[in-house]
Amino acid sequence: MATKATTSKKPGRFGFWPQVALTSVVAALFLVVANSAIWVNQSIFNTENFTTTAVTSLTSESSRQALASEVVDKALADKPLVKNVAGDTATKLVSGLLGTNQFNRVLTASVGKLQVYVTSKEQKSVTLDLTGVKSTVERLVGVANAAGVSVAENGERLSQVPDQVVLVDANNIPSFYGYGLAFMWLAPICLILALALLAYPYVRDRSKYYQVALAQGSVILVAGLLALLVGPLFKPPVLASITSPNVRTVVGNLYDAFLAQFNQQVYWLIVIGVLWALLPVLVWFGLGFYRKRVAKKK
């Protein structure tokens, strides 16, 4: 009795490319999570890096201008005439004072409190001590009085200059408390899982290393580009609850300063994706060049 010939698929070959696609996507997601965890550990939980970044942002010209405008606006809220006459001059003077070393020390202390509140369960508003600024503005008001501009009723000096200004409201401080230990372990765990998933296709079929590398590198590249969109998407909700345009400028500058560090790490992820995709080509050209040199020597 004749038997009908049958063909069977080679074991382990079915579904290779779908598995490559799935493992590449999951590995890219793990890399993005690892990148985010590294950023949180280095930029948020590291006190020195956090302080340097925040102080640099708050002492920038736009932040100092916004803080000075906030102080002058509050001080001259019920004195529109004085604000029209001396408002710009007062803002420039206060802005200059905010750039002094004396205020830098006050600012560093406030930023230290902000870092504590961000990384702990204690949520309090962060304020800046402006008692030194207050005396400067009052002296300016005295000059305006001497010039014949009526500043305060009954000859009194202006006393509405705030002793402090709220830098970040407690309701707007993101809390990473409870996630600290998780972020500490997320980076190495996600990196190990990502490398294992990326290595799997090469273990299963070494003959397709070029196609696999191209696919994996492309997925990592796309994941990196998408990660760059995350920061700008979260910025509007963060600023939405802030009513003062001056404070919104200050908080926006802070957000951008920390986001810039996150983006720098994402750029490295994008570079890794490009190199991963091009590595087989570079190796192929390198081996070809080496073989030609060996052949010439023979």
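Of the 298 residues in the chain, 39% count as buried, where buried means under 20% relative accessible area, exposed over 50%, and partly exposed in between (1.4 Å probe, protein chains only). This is a predicted model: local features need pLDDT of at least 70, side-chain atom pairs count only at pLDDT 80 or more, and totals for chains, interfaces and linings use all residues. Residues are numbered from 1 along each chain as its sequence is written, and side-chain values use heavy atoms, with hydrogens and water left out.

**Overall architecture**

- The chain has nine helices and two strands. Both are DSSP runs numbered from the N terminus: helices are H or I with at least four residues, strands are E with at least two.
- Read from the N terminus, the order of elements is α-α-α-α-α-β-α-β-α-α-α.
- Take the contacts with a separation of 6 or more: 81% of them come from residues 24 or more positions apart. Contact means heavy atoms within 4.5 Å.
- The accessible surface of the chain is about 17800 Å². Carbon and sulfur atoms hold 64% of that surface. Areas come from the Shrake-Rupley method with a 1.4 Å probe; for residues, only the protein chains shown count as cover.

**Helices H1 and H8**

- Two packed helices are described by the angle between their axes and the distance between the axes.
- Helix H1 spans residues 16-44, and its axis comes within 9 Å of the H8 axis. The two cross at roughly 35°. Axes are lines fitted to C-alpha atoms, for helices over the stretch in contact, and angles run from 0 to 180 degrees between N-to-C directions.
- The H1 and H8 crossing is right-handed. That term applies if the near helix is turned clockwise from the far one by less than a right angle; anticlockwise makes a crossing left-handed.
- H1 contributes Phe16, Trp17, Val20, Ser24, Val25, Ala28, Leu31 and Val32 to the meeting. H8 contributes Gln211, Val212, Ala215, Gln216, Val219, Ile220, Ala223 and Ala227.
- Ala199 belongs to helix H7 (residues 180-204) and is partly exposed at 34% relative accessibility.

**Nonpolar patch**

- Val222, Leu226, Leu229, Val230, Leu233 and Phe234 make a nonpolar surface patch of about 600 Å².
- Patch residues have over 30% relative accessible area and no salt bridge; like charges are joined within 9 Å, and nonpolar side chains (Val, Leu, Ile, Met, Phe, Trp, Tyr) within 5 Å.
- Leu226, one of the patch residues, sits in helix H8 (residues 209-240). Leu226 is exposed, at 52% relative accessible area.

- The criterion is a side-chain nitrogen of Lys or Arg within 4 Å of a carboxyl oxygen of Asp or Glu.
- Asp256 and Lys235 form a salt bridge, with the closest N and O atoms 2.9 Å apart. Asp256 lies in helix H9 (residues 245-297) and Lys235 in helix H8, so the pair ties together parts 21 residues apart in sequence.
- Asp256 is partly exposed at 33% relative accessible area. Lys235 is also partly exposed, at 23%.
- Lys235 touches Gly252, Tyr255 and Asp256, leaving out residues up to four places away in sequence.
- The C-alpha atoms of Lys235 and Gly252 are separated by 7.7 Å, and the two residues are 17 apart along the chain.

**Two buried valines**

- Val111 lies in helix H5 (residues 101-118). Val111 is buried, at 0% relative accessibility.
- Val111 is in contact with Phe50, Thr51, Ala54, Val55 and Leu58, with neighbours within four places in sequence set aside.
- Val126 is 15 residues from Val111 along the chain, and their C-alpha atoms are 8.0 Å apart.
- Val251 is in helix H9. Val251 is buried, with a relative accessible area of 12%.
- Val251 and Ser63 are 188 residues apart along the chain, yet their C-alpha atoms are separated by 8.7 Å.
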